[in-house]
Amino acid sequence: MGALLSKTVKNIYLKNLTFEKMYAAYIRAKKNKTAKKEVMEFEFNLEKNIIKLIKELKNNTYCTGKYREFKVYEPKERIIKSLPFRDRVVHQWYVYEFLIPYMVPKFIYDSYACLENKGTHKAIYKLEKYMKQAKNKYEDFYILKMDISKFFYNINQEILYFMIQKNFKDKYLLNLTSKLIFDSEDKIGIPIGNYTSQYFANIYLNELDQYIKNDLKIKYYLRFMDDFVLIVRNKEEAKKTFLIINNFIEKKLNLKLNHKSRYYPSSMGVDFCGYRVYFTHKLIRNRSKKQMNKNIKKWNYLYQNNKLNKIKVTRSLNSWIAHIRHANSYNLYTRYIEKIKFSV
């Protein structure tokens, strides 16, 4: 696998294990969660709890707590695992002091998920830009649209640990890394819900990014977590590239492509990050439109029965409006707003 860093990092763990930095991690961890019981309990003896965490992390006696599991159903059914608040403080400290400063800078520029100053909107605008450039360069180019099957659930923990281990030579940090990765009875996968998981996932697929950019020399490539797009000259190149990437993913990362992964002519556009992107314009994905139709019917029913939470609905509606404004959507906006039977 391609190297993530040119040299390993040493002796950084203990100098970052300070009250000030752990307190800052606590502030980040409690954001938007101040009313939760476990947050208030941790805060009640704040200084004592932070000092206890620091002592455990220094003496190698820290162990992660028990996971709480629940399901979410949007955009699809997923199992979410949540650790106790004290563990989330440790995760914030670990990510902020080690992964962000030492690993994130080595990611390719066109990785857009869960990173500062990135996100879905920047990803689709960059994709649109790449498509326009490819149109000028290749005329009738081809798209490879690929994603990983059940990505988080299938990440190989041993491979993930090796990726981090080869970049750090600090025994304290590697010991904690081991505890964070191998923190349950599961031998495969990482939990959806941990703050560390989104960074571990990016580290894992950075190997793919480096391979595509540096070994395959693909110029037009971008990724949003396990969803990625390549633009190539023609069908023959698309077919060859697809097979090479599929082989890399299976042999080097122990993952499999989703069965929907495929290559096709550019005229079909790209379904990416909630939009259908063409080199001339962007549209809202059909699934998003169907979900909003469903929401409006539910809101109208609640309104007619005097059960509507207007504050919650307004927040949800404003979020959707902000989403569709990044596409060619004026007529869509007008049509959907007219369906709402109450003022917002």
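M225 counts as buried, because its relative accessibility is 8% (buried means under 20% relative accessible area, exposed over 50%, and partly exposed in between, with a 1.4 Å probe and protein chains only). The structure is a predicted model, in which local features need pLDDT of at least 70 and side-chain atom pairs count only at pLDDT 80 or more, while totals for chains, interfaces and linings use all residues. Residues are numbered from 1 along each chain as its sequence is written, and side-chain values use heavy atoms, with hydrogens and water left out.

M225 lies in the loop between β4 (220–224) and β5 (227–232); helices (H or I, at least four residues) and strands (E, at least two) are DSSP runs, numbered from the N terminus. The phi angle of M225 is near 55 degrees, a positive value in a residue other than glycine. Most residues other than glycine have a negative phi. A positive phi is also found at K150, where the angle is near 45 degrees. K150 is placed in the loop between β3 (142–147) and α6 (151–154). With a relative accessibility of 60%, K150 counts as exposed, whereas M225 is buried at 8%.

I50 belongs to helix α3, which covers residues 46–59. Its relative accessibility is 0%, and I50 therefore counts as buried. I50 and F19 are 31 residues apart along the chain, and their C-alpha atoms are separated by 7.0 Å.

A further buried residue is S329, with a relative accessible area of 9%. S329 is located in the loop between α12 and α13 (330–337). A polar atom of the S329 side chain lies 2.5 Å from the backbone oxygen of I324.

Helices α11 (286–304) and α12 (310–324) each supply at least two residues of the patch. R315 counts as exposed because its relative accessibility is 56%.

Note on methods: A polar contact is a pair of N or O atoms within 3.5 Å; within protein, one must be able to donate a hydrogen and the other to accept it, and residues adjacent in sequence count only if both atoms are side-chain atoms.
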